[in-house]
Amino acid sequence: MSKFFEAILRISAVRAMSVNMNDLRFLPDTPEFRQYALRENDLLFVRYNGNPDISGRCGRVGVIDGTVVHPDKLIRVDICFNRELSGWAEVAANFGVSRRHLELKTRTTAGQSGVSGEDIKGMPIPLCPLSEAVRIVEESDRKLGTQGSLQNEIQRNEQRSASLRQSILRAAFTGQLVPQDPTDEPASALLERIRAERANTSGRKAVRNLKERRTTKPRGT
């Protein structure tokens with residue numbers, strides 16, 4: 001029986017300027033998968049998606065732990081002439097004339113918007129001095145890292161908030177929010193008093209309605 005250990009990225013792992021290396025599924029290991037193995041700084045493009053804004057979006061592969069392959073619904077691009085420029089190509093592919101090129105090439109079939117490898121090969125990439133490109137990529141990575149940290153912190157706080165709310169409700173229903181006043185009547189006595197008051201109120205309304213019916217003159221008299 002095959003061992004399930006070959007990690008493959010899900011399509012949802014790739015978004016603009018992002019590749020989530022933890023968004024994985026696992027398949028039986030076969031030699032044919034090895035040709036799809038990813039390397040750090042590879043670029044991945046979303047081949048097609050139901051959302052046109054996601055189709056053609058590009059993310060750069062970060063540090064890889066072990067062997068991870070990509071599915072055929074993602075297009076891998078290797079900047080073979082200078083891998084230092086992969087970060088710059090990632091930025092360019094998601095904005096400006098490069099992104100506009102892919103938007104114009106996007107085709108929609110059966111509710112899915114997609115691009116091809118040829119569309120990506122023909123994508124124009126603005127050029128600038130290498131030192132400037134490196135500086136732009138470093139600043140982009142720094143800001144995206146800060147954004148990711150803030151999103152993680154927001155998620156943790158939301159989880160803590162939900163847990164705290166449940167704890168408060170549990171404490172409220174068990175009478176643990178404030179110390180019990182020994183002069184307070186028991187909850188059972190309070191409920192019984194409320195029921196009695198409601199019964200008395202209903203009785204008074206019934207008597208009043210009966211009196212009103214008796215004193216109302218019949219029509220035509």
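Among contacts between residues at least 6 apart in sequence, what share joins residues at least 24 apart? I looked this up to start my notes, and the share comes to 66% in this protein. A reminder to myself: this is a predicted model.

**Overview.** I checked the confidence next. The pLDDT averages 84 over the protein, and 86% of the residues score at least 70. Strand S5 (residues 43-46) has the highest confidence, at 97, while helix H5 (residues 187-215) has the lowest, at a mean of 74. For the secondary structure I noted five helices and eleven strands. Of the 221 residues, 26% are buried. The protein exposes about 15600 Å², and I see that carbon and sulfur atoms supply 55% of that area.

**Asn-49.** I then turned to strand S6 (residues 48-49), where Asn-49 is found. Is Asn-49 buried or exposed? I have it down as buried, because its relative accessible area is 15%, and buried means under 20%. Leaving aside residues up to four places away in sequence, I found Asn-49 touching Ile-54, Ser-55, Gln-112 and Ser-113. Its side chain also reaches the backbone nitrogen of Asn-51, at 2.8 Å.

**Ile-168.** My last stop was helix H4 (residues 130-173), which holds Ile-168. With a relative accessible area of 42%, Ile-168 is partly exposed. Which residues make the nonpolar surface patch of about 300 Å²? I wrote down Leu-164, Ile-168 and Leu-177.

Note on methods. Residues numbered from 1 in each chain as written. Predicted model: local features only at pLDDT ≥ 70, side-chain atom pairs only at ≥ 80, totals over all residues. Heavy atoms only, no water. Patch = residues over 30% accessible without salt bridge, like charges linked within 9 Å, V, L, I, M, F, W, Y side chains within 5 Å. Areas by Shrake-Rupley, 256 points an atom, 1.4 Å probe, with all protein chains shown as cover. Salt bridge = Lys/Arg side-chain N within 4 Å of Asp/Glu carboxyl O. Helix = DSSP H or I, 4+ residues; strand = E, 2+ residues; numbered from the N terminus. Buried < 20%, exposed > 50% of the residue type's maximum accessible area, 1.4 Å probe, protein only. pLDDT = per-residue confidence, 0-100. Polar contact = N/O pair within 3.5 Å; in protein donor to acceptor, adjacent residues only side chain to side chain. Contact = heavy atoms within 4.5 Å.
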